[in-house]
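Colleague: I would like to learn how to read a structure like this one. Please take the features in turn, general idea before case.

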Amino acid sequence: MFNVVRNEPAPTSLAGKRKYDSEDVWDALKKVFHKKCYICETSAPLEINVEHFVPHKGDEDLKYDWNNLYLSCGRCNNIKLTKFDDLLDCCDPDIDVVRAIKHKPPLTPYARKLQIEAQSDDDKTKLTAELLNRVFNSEHTQNKAYTASSLRRKVYDQYNLLLKQLNKYYEPLALPDEKDIAVERIKLLLTPSSPYSAFISWCILEDEELGPMLHDCIGIG
Ligand SMILES: [Zn+2]
């Protein structure tokens, strides 16, 4: 999960209260969420939905409220359903959703599990971690186990991009310029527009040297 800055005004079509997923809503959501699912951080997934963060249950105000519309992939939307309706809000500028939940990438491409761990004991954080655990580690059905495995593989591929830059940065003969370039590339992997940025963030957060150096590039700083 990553922090989303909702810096687009409410799309005008919402005022009519007839449709919550008109083209202007899609356009604004794609910008704000960087075309990523807010839950799993997959970029441009094959199936994507305009989701109501708080289920509207027929409430017209919630149904057409710009601040209640989120972008989620079909798979996460299906896993979330109504059970997970009190999650940490990635659009709340006061909640650092990256630091709230530990995300560790798989160590090998087909590792059976990756680590998701709530960093505090409150209900919202625990429920959000439970949802993320299902998203990335689910074995509830054959279908979910299969798709979770390919999702972990994608996280690994992104982690592998980080490993390449870490090796360049920590190479014993690395020149200052080469280290700088590696750091700039790591910053790209940490930006909210990059897929699986929470996993990359946690690798850096736990690095003695790069953690303090890149502190401000992670979450809401
Ligand atoms: Zn997703």
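Colleague: What should I know about the model and its numbering?

Modeller: This is a predicted model, in which local features need pLDDT of at least 70 and side-chain atom pairs count only at pLDDT 80 or more, while totals for chains, interfaces and linings use all residues. Residues are numbered from 1 along each chain as its sequence is written.

Colleague: How many helices and strands are there in the chain?

Modeller: Helices (H or I, at least four residues) and strands (E, at least two) are DSSP runs, numbered from the N terminus. The chain has nine helices and four strands. Their order along the sequence is α-β-α-β-α-α-β-β-α-α-α-α-α. The radius of gyration, 18 Å, is close to the 17 Å that the globule rule gives for 221 residues, so the chain is as compact as a globular protein of that length. That radius is taken over C-alpha atoms, and the rule is 2.2 Å times the number of residues to the power 0.38. Along its principal axes the C-alpha trace spans about 60 × 40 × 35 Å.

Colleague: What share of the residues counts as buried?

Modeller: A residue is buried if 20 or more other C-beta atoms lie within 10 Å of its own, exposed if 12 or fewer, and partly exposed in between, with C-beta atoms placed from the backbone. By that count, 33% of the 221 residues are buried.

Colleague: Which residues have the most contacts inside the largest nonpolar core?

Modeller: In soluble globular proteins, nonpolar side chains tend to be buried together. A nonpolar core is a set of buried Ala, Val, Leu, Ile, Met, Phe, Trp, Tyr and Cys residues joined through C-beta atoms within 7 Å. Here the largest one has 54 residues, and M1 and Y38 have the most contacts inside it. Helix α8 (residues 197-205) gives this core its largest share, six residues. Two residues are in contact if their C-beta atoms, placed from the backbone, lie within 7 Å. Leaving aside residues up to four places away in sequence, M1 touches several residues, including Y38, I101, L132 and A198.

Colleague: Why do the buried residues of α1 line one face of the helix?

Modeller: An α-helix has 3.6 residues a turn, so residues three or four places apart point the same way. In α1 the buried residues are V25, A28, L29 and V32. Seen down the helix axis they fall within an arc of 100°, so they line one face. The arc is that of the directions from the helix axis to the C-beta atoms. These buried residues pack against β1 and β2, whereas E23, D27 and K31 on the other side are exposed.

Colleague: Where is A44, and what is its phi?

Modeller: A44 is in the loop between α1 and β1, with a positive phi of about 45° although it is not a glycine. A44 is exposed, having 12 other C-beta atoms within 10 Å. K17, also not a glycine, has a positive phi of about 50° and lies in the segment before α1. K17 is exposed, with 11 other C-beta atoms within 10 Å. Just after α1, H34 takes a positive phi of about 50°.
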